[in-house]
Amino acid sequence: MADASQKQMSYRTMILKLSNMIKPEEVQAMKFLCKDFIKAAQRDKIKDFLELITILEERKEISSEKTNFLLFLLENATKGRRDVLDVVHEYQPQDESVDAIPEYPAQRDYTNPELRQPIELLKRKLGRDWRFFVRNLGVDDFDIDNLGDAYPRDVKEQIHRAIKIYLNEKRERSSKQDLIDACKKVKRMDLARKLEADDYN
């Protein structure tokens, strides 16, 4: 019993230490990664890292015995910050893998191989028009604003994540024609013509 109590205290200490290290924009990125676990109304109320962890604990996603999902969030939201990940590695129980970041079913992204080159072109060339573009793909304003908050200085990452939302929602119905139509709607005829001509340079 004493060992369990000590372990729980070590876990709480680890979470508190992380809360002092996590930046506001990283919390926003974690909230975005949890959109399949936490409804939008509840996500909107989350103000900091500790509130997010409390909700994930209630949903049995994270606990003193179960820290791999926490590691997954930190790896992706902080872009692999070594100082943050080391805090979890120092705590993490020996029977959990500390080398691999697991994939979670709700987080597996749909991929369309035919759209790989078109998407890479858009990431390079779309620039500040990305918000209007992805809105025409059906990405809602809540997700667009969240991405802007989560990656404020990384337009390519904003575009990448927004198009992922489109792919995950449309899945097999995603198409290059959707991308072309969205380009035309935001008056990016230069990109529409490149996509139509399979010109990805």
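**Close-up 1. Contact of helix α9 with helix α10 in a predicted model.** In this predicted model, Asp143, Leu147 and Gly148 of α9 meet Gln158, Arg161, Ala162 and Ile165 of α10, where contact means heavy atoms within 4.5 Å. The residues of this contact divide into three nonpolar, two polar and two charged; Ala, Val, Leu, Ile, Met, Phe, Trp, Tyr, Cys and Pro count as nonpolar, Asp, Glu, Lys and Arg as charged, and the others, Gly among them, as polar. Helix α9 covers residues 141–150 and helix α10 residues 155–170, helices being DSSP runs (H or I, at least four residues) numbered from the N terminus. The two pack at an angle of about 150 degrees, and their axes are 10 Å apart, the axes being lines fitted to C-alpha atoms over the stretch in contact and the angles running from 0 to 180 degrees between N-to-C directions. This makes α9 roughly antiparallel to α10, since angles under 35 degrees count as roughly parallel, over 145 as roughly antiparallel, 65 to 115 as roughly perpendicular and the rest as oblique. The crossing in which α9 passes α10 is right-handed, a term used if the near helix is turned clockwise from the far one by less than a right angle.

Residues are numbered from 1 along each chain as its sequence is written, and side-chain values use heavy atoms, with hydrogens and water left out. Local features need pLDDT of at least 70 and side-chain atom pairs count only at pLDDT 80 or more, whereas totals for chains, interfaces and linings use all residues.

**Close-up 2. Helices α2 and α5, which are oblique to each other.** Helix α2 (residues 24–33) packs with helix α5 (residues 68–77) at an angle of about 125 degrees, their axes being 9 Å apart. The crossing of α2 past α5 is right-handed. From α2, Glu26, Ala29, Met30 and Leu33 meet Leu73, Leu74, Asn76 and Ala77 from α5, and the residues of this contact divide into six nonpolar, one polar and one charged.

**Close-up 3. Glutamate 57 in helix α4.** Glutamate 57 belongs to helix α4, which covers residues 49–58, and counts as buried at 18% relative accessibility (buried means under 20% relative accessible area, exposed over 50% and partly exposed in between, with a 1.4 Å probe and protein chains only). When its neighbours within four places in sequence are left aside, glutamate 57 is in contact with Tyr11, Arg12 and Ile62.

Close-up 4. A salt bridge is a side-chain nitrogen of Lys or Arg within 4 Å of a carboxyl oxygen of Asp or Glu, and a search of the whole structure finds 18 of them. Aspartate 145 lies in helix α9 and arginine 131 in helix α8 (residues 130–135), so the pair ties together parts that are 14 residues apart in sequence. Aspartate 145 is partly exposed at 43% relative accessibility, and arginine 131 is also partly exposed, at 29%.

**Close-up 5. A network of Glu26, Arg81 and Asp83.** Salt bridges that share partners join Glu26, Arg81 and Asp83 into one network. The side chains of aspartate 83 and arginine 81 meet at 2.9 Å, N to O, with arginine 81 buried at 18% relative accessible area and aspartate 83 partly exposed at 37%.
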